[in-house]
Amino acid sequence: RRNAETNRARCKGLVEVREMSWETASGLARAMPHGFDLVVASECIVPKLYPMEPFVGCLSELIAERTTGLVASEHRLHHGFDPRVRFVELASRIGLRAAALPASALHPEFRCEDITVWEVTRAVGPSSSVLGMKHAGCCGLAETGESGGCSTGSRYLCRWAVNVAQWTPSEDEFQRAVEQLATAEERAAVRRFRFVEDQKRALLSRVLARKCAAEALGVASGEVVIARTKGGKPFVAAPQGRLPEAPNFNFNISHEGDCVVLASEPLCVVGVDVAAPQQVRRPGRSTEPAEEFFRNFREVCSAAEWAVVRGVGPEDAPMLAMFRRLWSLKEAFVKARGDGLGFEPLRRAEFSFPQGDVWGTRATVAVDGHRRVDWSFTIKELPNGHWVSVARGPPSDVVDQLGQFRASFTVPSPEPALFQKELQAPSPEFCFLQIHDLLRA
């Protein structure tokens, strides 16, 4: 109160400061029909004692289209409950976009490990999905390099990653984690790999898939049945309840090097691929010179793509990085379609970068010489030289010989305007999740 009076005096009436409580939010909002410029709030959430829902509801009353909210939140973690994830989820449901500010944006005196400062705005304009979901970013954790609970703002639109290299379980710990898998088939599939690192990737890819499907469907992970098309594309076989906000819910997974990644979409078909550098994929072995490495992949890239790869040289490192980018894009495209090994040679899918920005985050594709405007691609760099690509495309392009995956679509032929808006909506950043939280859940 003292600070408010001081600020009023300093600003000579140019700034109006009002104190509020949860109970007075509606009255304050009605008194300011054009909305506030800035709303500042702080909270500490303890499940059952201090629930989050009233607080988020209060923010909804106060934050108008042109309002910026700054929220300081103490994120005490509880078993099975991460307040950061819940905050973004609740905010997105009522049309708010919440993004965590990186530590670099805060004054050093006000940085604290267990407090997140959020920028909260009304989700309006072209970033709002026509399906009623908000394509919000991932709560900022990916940008700061931190790991932990995070959310893309919708349980149907996920971009998740885990760092396998940070997990070094004992043999007993690992076997206990494998036993948590729901089916004997999954456990056998993990143990079929010879090397422990491959077993870890296989385990975590299955855990991520079940978590994503369970959260989208609102069921326990053990109730989820995941099947694969003949081409190897995973999909939810059961339960298949209709999801009005996500009529074609589907996901895809990739793992290589340090990373296991997952992407899901509500309407478009999705594919994801992560490509790791040689020294991460084959630790302890000498790295092949770029041109020697490329000899084994002559059929992967078109002449124009090879020109792009060599155009960032002559040093090996940028050429190898550009090749990983293109490889990742091609694999994401094929995995979204569900071809498996049936799409060959890969140079049939030729990628280019808008405005010639070869290190940009977006790409386009031409298949057999025909540009496909019904596909969109994003590509980002993850830590330690990994490149991850996400492909979005039309459900009609799915290759599914048995027809079970296609049968899971409620809208197999979306209305063109609806499809294009979803296709071009911003793709969220990837969030790194804590492995011990995933396994505990």
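User: Leaving aside neighbours within four places in sequence, which residues is P395 in contact with?

Analyst: A word on the source comes before the list. This is a predicted model, where local features need pLDDT of at least 70 and side-chain atom pairs count only at pLDDT 80 or more, while totals for chains, interfaces and linings use all residues. Residues are numbered from 1 along each chain as its sequence is written, and side-chain values use heavy atoms, with hydrogens and water left out. Now P395: its contacts are N248, L267, V269, R406, F409, V411, P412, P414 and F419, leaving aside neighbours within four places in sequence. Contact means heavy atoms within 4.5 Å.

User: Why is P395 called buried?

Analyst: Buried means under 20% relative accessible area, exposed means over 50%, and partly exposed is in between (1.4 Å probe, protein chains only). P395 has 2%, so P395 is buried. P395 sits in the loop between β15 and α13. Helices (H or I, at least four residues) and strands (E, at least two) are DSSP runs, numbered from the N terminus.

User: Is D397 buried or exposed, and how do you know?

Analyst: The relative accessible area of D397 is 14%, so D397 counts as buried. D397 too is in the loop between β15 and α13 (404-407).

User: What makes the side chains of D397 and W375 a polar contact?

Analyst: A polar contact is a pair of N or O atoms within 3.5 Å. Within protein, one atom must be able to donate a hydrogen and the other to accept it, and residues adjacent in sequence count only if both atoms are side-chain atoms. The D397 and W375 side chains make theirs at 2.9 Å. D397 is also in contact with R337, R372 and R406, leaving aside neighbours within four places in sequence.

User: Which residues touch the most other members of the largest nonpolar core?

Analyst: They are F294, F333, F351, W375 and F377, in a core of 37 residues. A nonpolar core is a set of buried Ala, Val, Leu, Ile, Met, Phe, Trp, Tyr and Cys residues joined through side-chain atoms within 4.5 Å. Helix α12 gives the largest share, eleven residues. Apart from this core lies another, of 35 residues, including A177 and I435.

User: What makes R392 and E265 a salt bridge?

Analyst: A salt bridge is a side-chain nitrogen of Lys or Arg within 4 Å of a carboxyl oxygen of Asp or Glu. The closest N and O atoms of R392 and E265 are 2.8 Å apart, and the pair forms a salt bridge. R392 lies in strand β15 and E265 in strand β9 (residues 259-265), so the pair ties together parts 127 residues apart in sequence. R392 has 3% relative accessibility, so R392 counts as buried. E265, at 0%, is buried.

User: Why is K380 called partly exposed?

Analyst: K380 has a relative accessible area of 21%, so K380 is partly exposed. E429 has 30%, so E429 counts as partly exposed. K380 forms a salt bridge with E429, with the closest N and O atoms 3.0 Å apart.

User: How do you know that the buried residues of α7 line one face of the helix?

Analyst: The buried residues are E186, R187, A189 and V190, in a helix of residues 184-191. Seen down the axis of α7, they fall within an arc of 160 degrees, so they line one face. The arc is that of the directions from the helix axis to the C-beta atoms. These buried residues pack against α6 (171-179) and α8 (196-217).
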